[in-house]
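These are my notebook entries on a structure that I looked through step by step. I began with what a record says and then turned to the model itself.

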Amino acid sequence: MTTPRTPEPSFTGDTASPLLEVVDLHVEFHTKAGVAQAINGLNVTLNAGETLAILGESGSGKSVTAQTIMGILDMPPGHIAGGEIRYRGEDLLTMKPEKRRKLRGVSISMIFQDALSALNPVLPVGWQIAEMFRVHQGMNRKLARQKSIAMMQRVGIPAAEERVGDFPHQFSGGMRQRIMIAMAIALDPDVLIADEPTTALDVTVQAQVMRLLKELQVENNMGLILITHDLGVVADVADKIAVMYAGQVMEVSDVYEIYAQPAHPYTEGLLNSVPRIDGQDERLNAISGLPPSLTDMPSGCPFHPRCPYATDLCSAERPGLLPVVAEHTSACHYREEIYNGTRQPREEAQA
Amino acid sequence: MTELNKAHTVAAGEPPPAPKKAKAQEEASLWMDAWRSLRRNPWFVVSAVLLVVLVTMALFPQLFTDNDPRACPLSRSRQEPSAEHWFGTDIQGCDYYARVIYGAANSMAVGVIVSLSVFVIGVALGLVAAFFGGWVDAVLMRLTDLVFAIPYLLGALVFLAVQSERSVWDVSLILIVFTWPTFARLMRGSVLAVINNDYITAARALGAGPLTIMRRHILPNSLGPVVGYAAVFTGIVIGAEATLTFLGVGLQLPAISWGLQLDEAKSYLQQLPHLLTFPLIFVALTVFAFTSMGEALRDALDPKSKKR
């Protein structure tokens, strides 16, 4: 393998179907305390050129979703109990491991939360970027080095030519995340999964990195899945938001719509819990209670024990993820009333 | 590029000559870092000098003495150290200084052969066990338990005692057979500490195959402690060779080794203490040199070490 091949999509799938589609995914962890249901029937769809933000508190299954899509879930203890992940119409979960490996980094790529630990400490960064070209395209050392300098320039690393031989610990946090991004997008993937890409960075750098991601996404017409718990980050860059709770999607909507008119009590609670600079209230509104234990899921809607609007129906039956209006779905029995703001909380919840 | 990026470029572009110069002098890789910290470590310097001398002694004993260690006129038997014979002479009348110098070769050979082989075996098996886990790991680890259960000294005594001819290779082989599990265990632990790091997951997520991950990401990050211990272990093996030979199951005459000299000296401990003292000093110095070299290496190669 010495002749460099042009980067071609190694995949000839159905182009009519969405870029990435997760259908009724179930992921469990077998632990000593029992079976933890990390993901219970997750459905999300990502189209080319679209930014989907998966929003949720810790333990809601965001990162497990990302790992399952990438195929880097630790199994055991993890176990995919059901569902499909379709990339251009073809199920990744039933694909041959070798074929799937060749999609990783080439068609579907990922960046991690903490770039310092996600970069190999003993190899120069340029080498690590060049590795992408060498492993996947069989490019020779010299050419790969040139390409990695170009990638470093593209993600905005100053003096890339001099710094190509530097090691990860010689870069600042923001620069390291840029290098991670350079590695992930080196081969022009169709789908980029960013698992809390800015959580480890300080606020000013967060904005730069998010802007960079957005620019690259637009340039390459990538589908971007942004996993975060930060409502502020989401508002800036996402096109579509999926709100996750206890391993399920609670609500999916256009970013403007969801901030203006949430159709799920959990989303409403999340938005109310954001501190406001013009806030009149003395105390921050938090959602009362704690997320459910994954080994002991409540019956019906997983949010009903914490929900101010819950009725007997909520504890008996799990609501489906159904549309309220076009392009806006919610998994709540009272989605329309919440959406229109006409539903009143229960009395004991008000107290 | 966004405006902020441009600002960065300008800021970093201003003082290019100074950092460039510094960079030429200071490489920042793990190995270069290790080298820099080693040079400042007095124990490393002392042990390195000692080792250079000892290795030269093993390879070119002629440089240290003009005397033939096998020229043994009985007329000069049992002499005390003197200006002519620095370490005296032994029972046979051989120049004892020459014998001790020439003894370095066999002791070193056993040490180096054993620790190199054990290093290679241990690294390979430890890596495979930790990387694949599951039944591969279980089988390999039970195998190490099995060998661990037999103390190497006992194993060596049993197996070497039944052999009538024992060369450097025989002694080395037995030591290898009974000591490799230490390295396999050490390497396995080291790999397990590395394998859950994000950069391994990241490499997998970006499509690297198992071989690439092992070679590029796991191996260089997990080798440090094993390299350090290999040096310490060389010293231990040299001591073990002397021990085995002293017990009469190691090397045999007419070979020249420190162990054999100690063995011979034990019968004349009271009359001729110098016969015991000189080879013992050399064994101790060699073991010390390798051990402190190993300790220094281990410190320097430990990425978490704060001593840099």
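**Entry 1: the annotated span of chain A.** I took residues 20–271 of chain A and found that the span is 40% helix and 28% strand, with end C-alpha atoms 28 Å apart. I note that the model is a predicted one.

**Entry 2: a sheet in chain A.** I next asked in which order the strands of the open sheet in chain A lie. The 4 strands follow the order β2-β1-β4-β5, and their pairing is antiparallel. Strands of a sheet pair through backbone hydrogen bonds, either parallel or antiparallel. I then looked up which strands stand at the edges. They are β2 (34–46) and β5 (90–91) of chain A; each has a single partner strand, so one side of each is left without a neighbour in the sheet.

Strand β1 (residues 20–31) and strand β4 (residues 78–87) of chain A run antiparallel and are joined by 8 bridges. As an example, I recorded that A:V27 has A:I80 in β4(A) as its bridge partner.

**Entry 3: two domains in chain A.** The domain assignment divides out domain 1 (49–67 + 102–238) and domain 2 (244–350) of chain A. I found 33 Å between the C-alpha centres of these two domains of chain A.

**Entry 4: annotated spans of chain B.** For chain B, an unreviewed UniProt entry lists "domain: ABC transmembrane type-1" at residues 104–294. I found this span of chain B to be 82% helix and 0% strand, with its end C-alpha atoms 20 Å apart. UniProt, again in an unreviewed entry, places "transmembrane region" at several spans of chain B, including 109–136 and 168–187. Residues 109–136 of chain B are 96% helix and 0% strand, and their end C-alpha atoms lie 33 Å apart. Residues 168–187 of chain B are 100% helix and 0% strand, with end C-alpha atoms 27 Å apart.

**Entry 5: helix α8 of chain B.** I checked the length of helix α8 (residues 168–195) of chain B: at 1.5 Å a residue, its 28 residues should span 40 Å, and the 38 Å between its end C-alpha atoms agrees. I then asked where α8(B) bends. The bend, about 45°, is at B:T179, and a proline, B:P181, follows within four residues.

How values were computed: Residues numbered from 1 in each chain as written. Chains lettered and ligands numbered in written order. Predicted model: local features only at pLDDT ≥ 70, side-chain atom pairs only at ≥ 80, totals over all residues. Domains from an automatic or database assignment. Helix = DSSP H or I, 4+ residues; strand = E, 2+ residues; numbered from the N terminus. Expected span 1.5 Å × (residues − 1). Bend = angle between axes of the 7 residues up to and from the residue. UniProt positions renumbered as here; feature names shortened; annotations may be inferred. Pairing = 2+ DSSP bridges.
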